[in-house]
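Please walk me through this structure, chain by chain.

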Amino acid sequence: MSRESQQGPALSRLKRPVLFVVTLVMTMFVLLPLVWMFVTAFKREGQALKFDFIPKTTARSAVYATTIDGPPVVVLEFRDAIAQQVAVAGKLTSDEAVPMLRDVSLFHVELPAIAPGTYAYHFLVDNVSKPDPSAETTDAAGESVIVVAGDRMTANGPLAVSLTPRATDRALVIAYTAPDAQRARAIIDGGRVVELSPGAPGAWEASVPALEPGRHEVVFERDRSFVTALSDIYTTSNFSEILFNKDFPFIQFFLNSLVVATLAGVITVCLCTTAGYAFAKKRFPGRDTIFYILLASMLVPGLIFVVPQFALVSQFGWINTYQGMVLPHVANVFGLFLMRQYVETIPDSLLEAARIDGANEWQVFKIAIVPVSMPIIITLFLITFVSQWSNFLWQFITNTPDSPLRTLPVGLNLFKGQYDIRWELIMAGACFSIIPVAIIFAVAQRYFIQGMTSGAVKE
Amino acid sequence: MRHATVIALVVALVAAVQACGVRRADESDGVRTITIWETYNAQEHEIFDAMARDFEREYQARTGTTVRLKVQRVPYEGLLPKLKYAAITDTAPDICRVDNAWVLTLAYGKAVVELDTLPNFGGTLQEVGSHYVPAAYATNVVTVPENKQWNEHLFGVPDQTNCVALFWNKGLFNESAAALKKQGLDPTRAPKTWDEFVRYARVLTIPERKQYGFGMFATLWWMMPFLNTFGASFTDQAPDGTLTCGLSDPKALAAMNFIVSLYRQDKVEAGAWQTGAINPEQGFLNGKYAMILTGPWNLKRFSGIDFGVALVPAGPAGTSSNVGGSNMVVFKSSAHPDLAYEFLHWFSGHDAQIRWSHDLGQIPVNREAFEEVAQSAAGTNLGVFLEQLRTARPLKQVPKMDQIEDRVVNPAIELSLKGQGTPEQLFGDACAKINNDFLSIINDR
Amino acid sequence: MATVRNKRETLIAYAYLAPFLLAFVVFLGYPILYSLYLSFHTITVFTSWFDIFGDMEWAGLSNYTSLLFNDYEFWYSLYRTFVYGLLMIPTQIVLGFLLAVLMREKLPWRGFFRGALFLPHILDVFVVGTIWVLIYSPNYGLLDVALNRMGITYFSGTGVLGNPWTALPAIAFALVLKSAGFGMILFLAAMNNIPESVYEAADIDGCSFWQKQWHVTVPLVKPIVLFLIITGLMGALNAFTEIYAMTATKYSQGGPFIESGGHSVGVTKVSGFYLYKTFEQGDYGRAAAMSFLLLIVALVVSVVNARALRPKDV
C-alpha cells in the first residue's frame with residue numbers, strides 16, 4: 001500500500017488499470033482450453049469438432065423451381081437422417097424410380113408435367129419401399145395418394161413446399177411449411193424477396209402475381225427463434241447421457257476415482273511426512289547417500305516402471321484391486337523432497353521444547369511436526385490427489401475390462417471408438433471430473449499457498 | 001478428531017464401492033464361459049450382445065448344454081499393448097476382436113490359436129475360406145515358423161470388412177457445374193480414372209474459397225488404393241519365398257509421383273495429411289474438400305451432406321482399393337478354444353451376417369451373405385463398397401509393421417510430398433532400410 | 001553414552017524411514033533393477049506373449065550400442081528434447097514470475113485471477129493438448145482465423161503444428177500456459193516470505209518497480225527457480241502425453257518430418273515420446289536401455305544445474 005503511494009501519482013493511477021488489463025488478458029489466454037472444453041460438452045453429436053459456436057437464426061432451404069404457364073409441378077419431400085438414397089416410385093412416376101435430391105437430411109424431388117388426376121406413389125428408402133409419412137391418404141395397397149387437381153396442387157404434408165403456377169394470372173402460389181420458423185420469406189430468382197404470411201399452423205403462404213412465363217427458382221429463408229437455432233448446435237443431453245447410460249456406470253467410476261485418489265493421497269502423505277521428518281531432523285549414517293539416491297531416482301523416466309510394476313502387481317494377485325492401483329505410487333520422492341524442505345524450516349527449539357515437556361519420540365512428531373506441517377501436508381495431498389485422479393495408463397492396465405473398480409479416466413476412454421471419438425461425451429465427462437478437484441482446491445487454496453509459504457515458524 | 005473424520009470417510013467410501021462392485025463370474029457352477037473383448041461402438045455392441053444371447057439359446061437347444069458368453073466392451077485405443085499385459089498376467093479373454101493388421105503380430109507371438117488345428121474346424125484352409133469374402137479371410141492366414149519350417153495357419157475369423165472408395169460432394173460438383181461442363185466433364189458423376197480425377201479436381205479447387213478438389217491421408221495404408229491401381233505392391237515375393245520391399249519398383253514410384261503431383265504440381269490436394277491440418281473427413285464434412293477416399297464407417301457421419309460414393313478411379317491396373325476391418329481371434333489361454341471357434345463360426349455364418357448387415361448397414365464377411373446383400377444394395381452407396389471389395393487387395397503384413405509405417409514409410413511419404421527429395425531417392429532409402437532392418441527378420445529365419 | 005544415544009537415534013530415524021523405504025524398494029527400486037536386467041535382453045517378434053520374460057533372448061550390450069551408434073533418431077530426439085526444454089522451462093519461469101508479481105499488486109478480483117490462473121494446472125494434459133490442436137488447426141482454428149484477420153496466411157496451409165519450425169514451440173506454449181499457474185503459486189509463496197521492510201528499504205533508496213523486483217525479489221526466489229528448472233527438466237525428458245495428444249495422430253507419429261543428415265526425422269519426436277513408442281511396440285529391452293541413457297543425461301544436466309545455481313557462500 002505504502003509502496004504504491006510513493007510512486008508518481010500519475011504513474012500509479014495509470015499502472016493499476018494497465019496491470020489489470022494485462023492480468024485479464026493473460027487469464028483469458030490461460031482459461032481458453034477450459035472454456036472450450038465446457039462449450040464442447042454442450043455440443044450435439046457430430047458438432048464437437050466444428051468451429052461453429054454461434055447459432056444461426058436464419059436458415060435457407062434448397063433451391064426449388066417451377067415453370068409458369070407449364071403444367072403443375074409436384075414437389076415431394078422426405079426427411080431421413082440415415083438413409084443414403086431415396087427415390088419415388090409408383091403410378092405418379094409412371095412406375096419408374098425417380099431419385100430424390102438431398103439437402104442435409106431432407107430428400108426432395110420436383111416432378112414436372114403431371115397431368116391433373118389422382119396418383120399413388122411410395123418412396124424407396126435405400127431400396128426399401130415405404131409410404132410417404134406425410135401423405136394425407138393412403139390406398140388399400142398401402143400406397144400414398146396425391147391429388148393433382150387442375151392448376152392447383154395439394155401440398156403433401158407438414159414438411160412440404162408447394163409451388164403452384166396459376167394459369168389465369170400467371171401468379172405463383174407458394175405454400176411453405178416450416179413449423180420452427182418465426183418469419184419466412186421466399187427469394188425468387190435470386191433477387192426478389194417476398195415475405196410469406198402465416199397460414200395454417202406451421203405453414204407460410206404467399207401469392208406472387210404476374211411472373212414472366214418460363215422457369216423460376218425459389219429459395220426459402222426462415223428466421224428461427226434463437227432458442228431453436230441454439231438447439232441445433234447445443235444440447236444438455238451429453239451430461240444426462242454420461243450420468244444415466246446403462247453401459248457406463250458413471251457413479252461407480254467416479255467413486256472409484258475418488259477412493260483411489262484419496263487413498264493415494266493419504267498414504268503418500270503418511271509415508272512422506274515420517275520419512276521427511278527423519279531426513280530433516282535426524283542424524284544417521286547413510287542419510288545423504290540414501291537421500292541422493294532417492295533424488296536421482298526421480299530422474300528415471302516414469303515409463304520404465306510400468307512393466308516391472310505391472311509384473312509385480314500381477315504376481316501379488318492385485319489386478320482389479322485398490323492396492324494394485326494405489327500402492328505402486330505412494331513412495332513419492334518428490335513429496336519426500338517437499339516435506340524435508342518444509343520440516344527443515346521448523347526450528348529445532350520447537351522440538352526441544354516438546355522434549356523438555358516430557359514428550360517421547362512419537363509425541364514430538366505428533367505435537368511439534370504434524371500440526372506445524374499441516375499446510376505442506378495438505379499441499380502434498382492435493383498434488384497426489386490430482387495426479388492420481390487423472391492417472392489413466394496405470395489404472396487402465398491394472399483393471400480388466402469388466403473390473404468393478406475401473407476409474408473415470410478409464411471409463412471415459414470407452415467413448416473412443418475405432419472410427420469415431422465422441423468428443424462431446426468425453427468433454428462432458430471431463431467437466432464432471434474437474435468438479436471434485438476444483439472444489440478441493442477452492443477449499444484448500446489457503447493451505448496450499450501457506451504450504452509453500454511456511455509462515456509462522458520461519459527462522 | 002479431524003483425522004478420525006478423514007479415516008472414517010475413506011473407510012466409508014471404500015466400503016461403499018466394494019459393496020456395489022460385482023465379483024468376477026467364475027465357472028464354479030460348471031457352465032463353460034467364453035469371455036469376449038470387443039471394440040464395437042454402442043450400437044454395434046448392443047446388437048452383438050443380443051446375438052451372443054441368441055447363440056447361447058441356440059446352443060442350449062441344439063446340445064442341451066449351457067454355455068455363457070460374456071461380452072465386454074474395451075477401448076480400441078491401446079488395445080494391443082493391453083492384450084500383451086493381459087497375456088503376461090493370464091487375464092487374456094477367450095476371444096478378442098482385433099484390427100486385421102494385428103493378426104500377424106499375435107500369431108508370431110504365439111498368443112492366438114491356430115484355428116485350423118481345432119477338431120471342429122471342418123475342412124482345409126481353402127475349403128473353409130471359400131465361405132468368406134476372400135479379401136477379409138486373407139488377413140487371417142499367416143505363415144508362421146514351426147520347427148525350422150514355415151506353415152500356413154488360420155489365426156482368426158473376420159467379423160468386419162471394409163475398404164475405401166471415392167466420396168464426392170454433389171453440392172460442390174453442382175456449384176461448379178458450369179466450369180466442369182466447360183471442361184467437358186459431367187457434373188453429375190464422379191471421375192472414373194485418375195486422369196479424369198485430376199481434371200475434375202482442378203476445376204473443384206477454388207483457392208479463394210479455401211476449397212480443394214481432394215484431401216487425403218498420407219500413410220502406407222491410405223496409399224494402398226493408389227499403389228494397387230497402379231499395379232504396385234508393398235512387398236515382392238521371390239520364388240524362394242524371400243520378401244523384398246516393393247515400394248521402389250517403377251510401378252510404385254509412378255503411383256508415388258502421381259500422389260506428389262496432386263499436391264505439388266496440380267495443387268489440388270489440400271495438404272490434409274499434415275500434422276494439425278483439417279483432416280480429409282473433417283474437410284469433406286465442412287464442404288472444403290470436394291473428394292476424399294474413405295470407408296463405409298463414414299456413411300452415417302456424412303449423412304448431413306449431399307454426397308455420392310464411387311469406385312476408386314482406375315489407374316493402369318484398373319480400380320482397386322485397400323482392405324480394412326477387424327477379425328476375431330482366440331487366445332491360447334482359452335480353456336474352450338473349440339467352443340470359442342464354434343461361436344465365431346456361427347457369428348460369421350450366413351444368417352448372423354445377414355442380420356448384422358441388415359441392422360447396421362455393414363458389409364457381410366460371409367460370401368453367400370455378401371452376394372445377397374450385393375444384389376439388394378446395388379445402386380446404393382453401400383453397394384459401391386461391396387463392388388469395390390471385389391477388386392480390393394489387403395496390405396501384405398510383415399513383422400513390426402507399425403514401426404515400418406511410423407519410422408520408415410510414413411516419413412518418406414511426407415518428405416516426398418513436401419518436396420524434400422524425390423520419391424525415387426526417398427523410397428530407395430526406405431526400401432533399403434525395410435529390407436535390412438525388418439524383412440530380414442523373416443528372410444533369415 | 002554418546003554411541004548409545006546415536007544408535008538409538010539411528011534406529012528411530014530408520015523406523016520413521018521404514019515405510020517409505022519399503023514402498024520405494026518394492027515399487028521403484030526393484031523395477032529399476034529389473035529394467036536394468038531387461039535392458040540386456042531383447043524381445044523378438046517370435047517371443048511368446050504368454051512367457052515374455054522367460055522367452056527373451058540375451059542381447060548383451062546390443063540395446064545400448066545400437067542406440068548410441070546406430071540410431072540417428074535417438075540422438076535427434078535428444079536434441080529435440082533439449083530444444084523443447086529450452087523453449088519451455090525459461091518461458092514457464094518468467095511467466096510464472098510475472099504473474100506472481102501481478103498478483104502481488106492489489107488488483108480487483110485478485111482471488112478470482114489467482115484461482116483461474118491456477119485452474120488449468122489440474123486439467124489432464126491429454127485433454128488440454130487435444131483442445132489446443134483445434135485452436136491451432138489451419139483455416140478453421142481460432143489462431144488461424146485470428147492470423148488471417150491480420151493478413152497472415154502463412155500458416156493456413158499447414159497449421160502451426162504442421163510447420164517444422166513452429167510445431168515444437170506451439171506445443172511448449174500450450175504447456176507453458178497450462179503450468180504457469182503452478183509456478184505463479186510457488187513464486188507467490190516465496191515472495192510472501194519476503195518481509196515488507198525490505199521493499200520499503202528499497203523504496204527509500206529510490207528503486208523503481210522493476211529495479212525492486214530485480215534486486216530484491218529475484219535473489220530471494222532463486223530456490224524456486226532451481227526447483228522449477230529441475231521439475232521442468234523432468235517434464236521435458238518425460239514428455240510424451242502432450243506429443244501424443246498434439247502431433248501423434250493415427251497417421252503421423254511425432255511429425256512434421258524433416259530431412260536431417262540423410263534421415264527422415266519427426267521434429268516433435270522428443271526422447272520421451274520415442275521411448276513411449278518403443279515401449280508401446282513391446283520392445284521392452286530397448287526401451288529399458290533407452291531409459292538408462294536418458295537417466296544419465298538427466299543426472300548430468302541436473303548436477304550441472306545445481307552447481308550453477310547454488311548460492312556462492314555454501
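Predicted model: local features only at pLDDT ≥ 70, side-chain atom pairs only at ≥ 80, totals over all residues.

Start with chain A. Its fold contains 15 helices and 18 strands. The chain has 459 residues, and 41% of them count as buried. Take the contacts in chain A with a separation of 6 or more. Residues 24 or more positions apart make up 70% of these.

How confident is the predictor in chain A? The mean pLDDT is 78, and 81% of the residues reach at least 70. Among the elements of the chain, helix α5 (residues 250–281) of chain A has the highest mean, 91. Strand β11 (residues 152–153) of chain A has the lowest, 38. Two stretches call for care. Residues 1–7 of chain A have a pLDDT below 50, with six contacts in the model beyond near neighbours in sequence. Residues 150–159 of chain A are also below 50, and there the model has 34 such contacts.

Now look at where chain C meets chain A. Here 67 residues of chain C are in contact with 64 residues of chain A. On the chain C side, helix α1 (residues 2–38) gives the most, with 18 residues. What is the make-up of that side of chain C, in nonpolar, polar and charged residues? It divides into 51 nonpolar, eleven polar and five charged.

Turn to chain B and its open sheet. Four strands lie in the order β8-β11-β7-β12 of chain B, and the pairing is mixed. Strands of a sheet pair through backbone hydrogen bonds, either parallel or antiparallel. β8 (212–215) and β12 (307–310) of chain B each have a single partner strand, so they stand at the edges, with one side of each lacking a neighbour in the sheet. From one strand to the next, the twist averages 20 degrees.

B:Tyr212 has B:Tyr289 in β11(B) as its bridge partner.

In helix α9 (residues 194–204) of chain B, the buried residues are B:Phe197, B:Tyr200, B:Ala201, B:Val203 and B:Leu204. Why do they line one face of α9(B)? Seen down the helix axis, these buried residues fall within an arc of 160 degrees, so they share one face. Their cover includes β8 and β11 of chain B, along with α7 (170–175) and α8 (177–182) of chain B.

Helix α14 (residues 350–360) of chain B buries B:Ala352, B:Gln353, B:Trp356 and B:Ser357. These residues lie on the same side of α14(B) because they cover an arc of only 130 degrees around its axis. Among what covers them are α2 (42–63), α13 (337–347) and α15 (367–376) of chain B. After α14(B) comes B:Gly361, which has a positive phi, near 65 degrees.

End with a loop in chain C. C:Gly262 sits between β5 (257–260) and β6 (263–266) of chain C. Is C:Gly262 buried or exposed? It has 8 C-beta neighbours inside 10 Å, so it counts as exposed; the cut-off for exposed is 12 or fewer. C:Gly262 and C:Tyr76 are 186 residues apart along the chain, and their C-alpha atoms are separated by 12 Å.

Methods: Residues numbered from 1 in each chain as written. Chains lettered and ligands numbered in written order. Contact = placed C-beta atoms within 7 Å. Helix = DSSP H or I, 4+ residues; strand = E, 2+ residues; numbered from the N terminus. Nonpolar A, V, L, I, M, F, W, Y, C, P; charged D, E, K, R; others polar. Buried ≥ 20, exposed ≤ 12 C-beta atoms within 10 Å, placed from the backbone. Arc of directions from axis to C-beta. pLDDT = per-residue confidence, 0-100. Pairing = 2+ DSSP bridges. Axes fitted to C-alpha atoms, helices over the stretch in contact; angles between N-to-C directions.
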